[in-house]
Structures are given as C-alpha cells and as structure tokens.
Amino acid sequence: MSVGKWVRVAISSLGSFALSVLGWLLIAPVAVMFPRRRDWLGVIGRDEGKFVDNAKYFFLQGAPLLAPSARTVFITQRQDVADLLAGTPYQARVYPSFGAVWFLLRSGTVVVDSIEWPHRLRRFLVMGARIVQLWHGVGFKRIELDKWRNEVSASSTLSSPRVLALRIGMHRFTGRLVRYDVVNTTSAFYRDKVFIPAFLSRHFLVAGYPRNTFGALGEPGASLACRNVDGPILARWSEWFGQGRRLVLVAPTFRDSRATPLGLSPDVVSSLDEFCERQGVEFVFKFHPFEREVDQIKGRHLHLCRPDSDLYPLMPLSSALVTDYSSIYMDYLLLDKPILFFVPDIDQYLRTDRQMQFGFDSMTPGPKVATWAGLTDELQRQWSNDQFAGARSELKRKAFDDLPQDQAVPKIIEFMRSRRWLPDATSGT
C-alpha cells in the first residue's frame, strides 16, 4: 500500500473513530431506551441510498406484502430518490432529517444490502433493532471477514494476526463489523463457502435475491422499477428491437490502477462502432461513477448508462453480457444468455487487487478474451454456437439451487415473521 493511501486510510479511520465515540456515548444509550415497533421496517439503500440492487427490489415487493400490518420506509441520503417515490404508495425519508432519524430509532427491523449502511451514525440509531443483510452479489472474490484474512500484495500485512485483530476491533467499534440477525444467501453452496466465513450472523437464510425479478413487478412496482433505468436507452429499445438489433451490456469492475475504461481508446471505440454497424449490435456500457475518461466513448452504436441508473430491467432485453470480475454475471446466468469475460489484466488483478476464493476458470462459464477484436469475434461465435450453455446451467444450479427468484422476498418476510420480528399478516400483532 502506498504512503499516500496509508495516510488517507489513517485520516478516515480517525474520523470514523471520533464519530463512533459520539455514537457510543450519546446516541446508542438513547436508541436502546426507545421501544422498537415490530410494525415498522426500514430499508437502507446502498452507498448514499441509491434506489438499486436488492434493497430497491425488496422494498418494492416487500412493502405491499407487509401492508397494512407493517409500515415500510426507504431511507436514503438522496433527495432524487425521495422525489422518485413521491406521489406513489411507497414512502421514503431523506437522512438525516428528523423523520428519517425518528423512523430508525423506532424501527423493529432494518434491511440493508451493503457495507455502507452504518455510516453517518446510522449504526447507533438502530441499536436494539433486528438487522437483515441481503448483500449485493455472489461471485468468486473474497468478501468481508474472509477478505480481511486473505489480503493480497502490498496489503498482505493487514492480514497478519496482530494487525487483523486491531482491524476487527476497530471495525466492531465503528459499527463496520456487525453481528447480523440474518444474512440472506442464494444457495447452500454460497452460504457454506462464502457467507458463513465472511459474516457474523445468528442465521443464514437461503432465499435468493430480490433484484432477480429484473424489474418484472406488478403495479405500481412495474413503473417504479423502471423509473430510474437510463431513460434514453430504455426509450430506444423498441426502435432497436424493431430493427432486429442485438443489445450487448458491458458492466466492468472499477479499479484505481486503470487509466482508461477497459482500454477503450478512440481507435478501439471507432473499430467497435464499425463492428456494430455491420453486425446489427448496440453496446451499452455501465461504468462505476469513479471511472475515468468515459467521455471518449462516442459512437453511433455505443451508449453510456448513467452511473446511478439501474441496469437490471435492461438485462432481459439484452443478447449478451460482457464483464470482467463483477459478480453481475452470476445473476445473468438466470437468463441463459452468453457471458463473455474481458480480462486483459487478469494476472495483475489476481496479484494486486483482490484475492479470489475460487478458481477463476471454474466459476466463469464463458470465453476469456484480452482484446476487443477477440471479444467481437467471440460474440459472433457464441451467438452461432453457444458452447458454454451447459457450464452456465451447472453453475446456475450451484449458485441459486433452482430457487424461484420471485419468491425471494416472500421467503425473507416469512422468515422474519416466523421469528416474530414482524406482525402476523392477518392479525397485525
């Protein structure tokens, strides 16, 4: 780890420590004094409360299932998310407004899907509430506790026994490390091999992921599920479909070491656009908000999704997915369409970015390519002769246990009700 990065980590840690002292001394004692309401459930969105991923789809599906016996509110730091839900039967509160703070203080259960949810003192406001962790992906990379025990490259010293013990103690103090009441998983395999080593939890539930409905929700959820999809791309889909064009989604992982997004120089962009023109293809890129130089991706058939938009409703409309190390490909297995892995830097990634828990080849059922020319060749090859269909099917069974994904939310809610964390559906008690 560079000196500059050590300094940034130290400053961030000191800030978190100072806030945590405030939380333990002032907020936590107040929070445990407030009686928790079993009929209040808060959902905290990922990052700053974006309306995406499992939190979004649990909220859209769960709120109607819980009504009228329980009240469900989406907690966000983003006013645009609250505005998106305004005028609908769904409720949102912008944190740290009084309404959001009060709801968290009184909620009997809080549902999250990320590691950012404890930030800004939220961890201390929910002291005494049940915490349900949905998480946001299954793949082949180590996560949480398992990652901390197996850091790579220059960060490997962070996994030494003394430093690891110090890190865990600090994470407990700041709320970064929480013992959850239940962690939701997608299969017995991932429960045993990934989530149990990675999380502290009283229960591990195999239910599937709420987001794998891919936006196909009943009203009023249908319009809301698509409301924060990239508008221009969604609007042009019918045009592309009418022309018989194929939509290819490109969703890579962000890395600090990369100067340009996936090596997309102007020459490569021009070559890709020519390929799309000849073959009737549209490339849709979804990059991380911190990705650099994305403004150079300009072409008639190359399109950029807004970084904060929801990609999942577009996935069933696509003909293939291109990724590198992102766990999004696991959910895409459910659609039984070609997946291609663009990995020109795999050796460096394994050495310096993230330790993988499973063999890369064994968990990636699709061609691995290092150049865009190779990728376009493989795209045509897979569309004419899908050689990885059997491998995708095998991994899908391992990752999802053949569970119907539209039953994930009902199953999670039923688990909570069986523990009496929520009121009974009929009696409201």
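Which residues does T323 touch, not counting residues up to four places away in sequence? The list is A251, P252, I328, Y329, L340, F341 and F342, where touching means heavy atoms within 4.5 Å.

## Ground rules

This is a predicted model, so local features need pLDDT of at least 70 and side-chain atom pairs count only at pLDDT 80 or more, while totals for chains, interfaces and linings use all residues. Residues are numbered from 1 along each chain as its sequence is written, and side-chain values use heavy atoms, with hydrogens and water left out.

## Back to T323

T323 sits in strand β13, residues 320-323. Helices (H or I, at least four residues) and strands (E, at least two) are DSSP runs, numbered from the N terminus. T323 counts as buried because its relative accessibility is 2%; the cut-offs are under 20% relative accessible area for buried, over 50% for exposed, and partly exposed in between, with a 1.4 Å probe and protein chains only.

## The open sheet

Seven strands make an open sheet with parallel pairing, in the order β3-β2-β1-β4-β5-β7-β9. Two strands pair if DSSP finds at least two bridges between them. At the edges are β3 (91-94) and β9 (204-206), each pairing on one side only. On average, neighbouring strands here are turned by 25° against each other, direction ignored.

Now for some individual pairs. β1 (residues 37-44) and β2 (residues 71-76) run parallel over five bridges, and G42 stands opposite V73 in β2. β4 and β5 are joined by four bridges, also parallel, with V132 in β5 as the bridge partner of V111. Two bridges link β5 and β7 in the parallel sense, and there Q133 stands opposite V183 in β7.

## Helices across the sheet

Helix α8 (residues 188-198) lies across β7 (182-185) and β9, at about 150° to β9. Helix α16 (residues 408-418) lies across β1, β4 (107-112), β5 (130-133), β7 and β9, at about 140° to β9. Axes are lines fitted to C-alpha atoms, for helices over the stretch in contact, and angles run from 0 to 180 degrees between N-to-C directions.

## Nonpolar cores

A nonpolar core is a set of buried Ala, Val, Leu, Ile, Met, Phe, Trp, Tyr and Cys residues joined through side-chain atoms within 4.5 Å. The largest one has 101 residues, and F58 and F195 touch the most other members. Helix α2 (residues 53-66) supplies the largest share, seven residues. A second, separate core has 23 residues, including L262, F283, I297 and W372.

Leaving aside neighbours within four places in sequence, F58 has contacts that include V111, L134, I412 and M416.
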